[in-house]
Amino acid sequence: MDDVSSTPAALPALPVLQADCANCFALCCVALPFAKSNDFAVDKPAGTPCKNLREDFRCGIHTRLRDSGFQGCTVFDCFGAGQQVSQVTFGGRDWRSDPGTARRMFDAFPVMRQLHELLFYLAEALTLPDAAPVHAQLRDALAETEAWTRAEAQALADLDVGALRQKINTLLLKTSELVRAKVPGRKKNHRGADLMGARLSGADLRGANLRGAYLIAADLSRADLRTADLIGADFRDANLRGADLRGAVFLTQPQLNAAQGDPTTRIPSSLTRPAHWT
């Protein structure tokens, strides 16, 4: 007879961790603020609908966001938090037809986005065989975080999401260390480094620690970033043409969307090549 006690508990069914705008009440276009910059053509305070938002919750300039000065919108990804708040937390009630939900909905959205981002990282960590020593703790953290995504709006407002992030980050750090330890040789440590505009073309960054690094407009063309830890790295306008990001740890779609690439850029199969890459 099998030893049932040694069998890992089944993981909960995760919410969709990709944006489904058709089932969201345009929360990113209303709840979040943005400032006039290279990413946004105008200022917009939190809780105020974007001037381009239509009555049907669709964007009036969706097909020409970049040309209209709203590049930031093409980079942002809610990791599926928008439809979770719209359809689960608030049961399909929208802030226009039920104005009483507006403030609570807008407050819940950024919390839910953080929860979904954490789920994304935890789910990825659980796919990495080298992280097996912490898989049990990762499963527990994933189950706890998933449970929070089903909480009521007031519970989300009261959640200390920062403390949850800190606890999970300890596990993600350990995951990163276990994965990168398999890379031979000395690994570069650029955690939190200012590498804006850095010339790193063709650099061997296998297994490097690039957590939170500022890589804005850096030249990473033809760089080898396999198994590099990229969590929180800022890739805005970074040149990834010809770079190899296969197996990069904790790389997200928004990071790719913010960068520049081309058909020779190699990316993980779980992510999508951005439409603006040429």
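**Helix packing, ring pairs and burial**

Author: Helix α4 (residues 135-148) packs with helix α6 (residues 161-180) at an angle of about 150 degrees, and their axes are 11 Å apart. The model is a predicted one, in which local features need pLDDT of at least 70 and side-chain atom pairs count only at pLDDT 80 or more, while totals for chains, interfaces and linings use all residues. Residues are numbered from 1 along each chain as its sequence is written, and side-chain values use heavy atoms, with hydrogens and water left out.

Reader: Why is α4 called roughly antiparallel to α6?

Author: The axes are lines fitted to C-alpha atoms, for helices over the stretch in contact, with angles from 0 to 180 degrees between N-to-C directions; helices (H or I, at least four residues) and strands (E, at least two) are DSSP runs numbered from the N terminus. Angles under 35 degrees count as roughly parallel, over 145 as roughly antiparallel, 65 to 115 as roughly perpendicular and the rest as oblique. The angle here is about 150 degrees, which means that α4 is roughly antiparallel to α6.

Reader: Which residues of α4 and α6 meet?

Author: On the α4 side they are Gln137, Leu138, Ala141, Glu144, Thr145 and Trp148, and on the α6 side Leu164, Lys167, Ile168, Leu171 and Thr175. By class, the residues of this contact of α4 with α6 are six nonpolar, three polar and two charged, where Ala, Val, Leu, Ile, Met, Phe, Trp, Tyr, Cys and Pro count as nonpolar, Asp, Glu, Lys and Arg as charged, and the others, Gly among them, as polar.

Reader: What makes α2 oblique to α3?

Author: The axes of α2 and α3 cross at roughly 125 degrees and come within 8 Å, and on the scale already given this makes α2 oblique to α3. The α2 residues in the contact are Ala81, Gly82, Gln84, Val85 and Thr89, and those of α3 are Met105, Ala108, Phe109, Met112, Arg113 and His116, with contact taken as heavy atoms within 4.5 Å. These residues of α2 and α3 divide into six nonpolar, four polar and one charged.

Reader: Why is α2 described as largely enclosed by the rest of the structure?

Author: Buried means under 20% relative accessible area, exposed over 50%, and partly exposed in between (1.4 Å probe, protein chains only). Seven of the nine residues of α2 are buried, so this helix is largely enclosed by the rest of the structure. The buried residues are Ala81, Gly82, Gln83, Gln84, Val85, Ser86 and Thr89, and they pack against α3 and α5 (153-158). Just after α2, glycine 91 has a positive phi of about 55 degrees.

Reader: How many aromatic pairs does a search of the whole structure find?

Author: The search finds eight, where rings of Phe, Tyr and Trp (its six-membered ring) pair if their centres lie within 6.5 Å, and planes under 30 degrees apart count as stacked, over 60 as edge-to-face and the rest as tilted. In one of them, phenylalanine 79 and phenylalanine 120 have ring centres 5.4 Å apart and planes at 55 degrees, so the pair is tilted. Phenylalanine 79 lies in the loop between α1 and α2 (81-89) and phenylalanine 120 in helix α3 (residues 102-125), so the pair ties together parts that are 41 residues apart in sequence.

Reader: Why is the pair of phenylalanine 120 and tyrosine 121 called edge-to-face?

Author: Its ring centres are 5.9 Å apart and its planes stand at 75 degrees, so the pair is edge-to-face. Phenylalanine 120, at 18% relative accessibility, counts as buried, and tyrosine 121 counts as buried at 3%. Elsewhere, ring pairs link Phe25, Phe57, Trp95 and Phe106 into a cluster.

Reader: Is phenylalanine 57 buried or exposed?

Author: Its relative accessibility is 18%, so phenylalanine 57 counts as buried. Phenylalanine 57 lies in the segment before α1 (71-75), and its phi is near 70 degrees, a positive value in a residue other than glycine. Aspartate 237, in the loop between α6 and α7 (253-258), also has a positive phi, near 60 degrees, but its relative accessible area of 40% makes it partly exposed.

Reader: What makes aspartate 234 buried?

Author: Its relative accessible area of 16% places aspartate 234 among buried residues. Aspartate 234 lies in the loop between α6 and α7 and, leaving aside neighbours within four places in sequence, is in contact with Ala213, Tyr214, Leu215 and Ile216.
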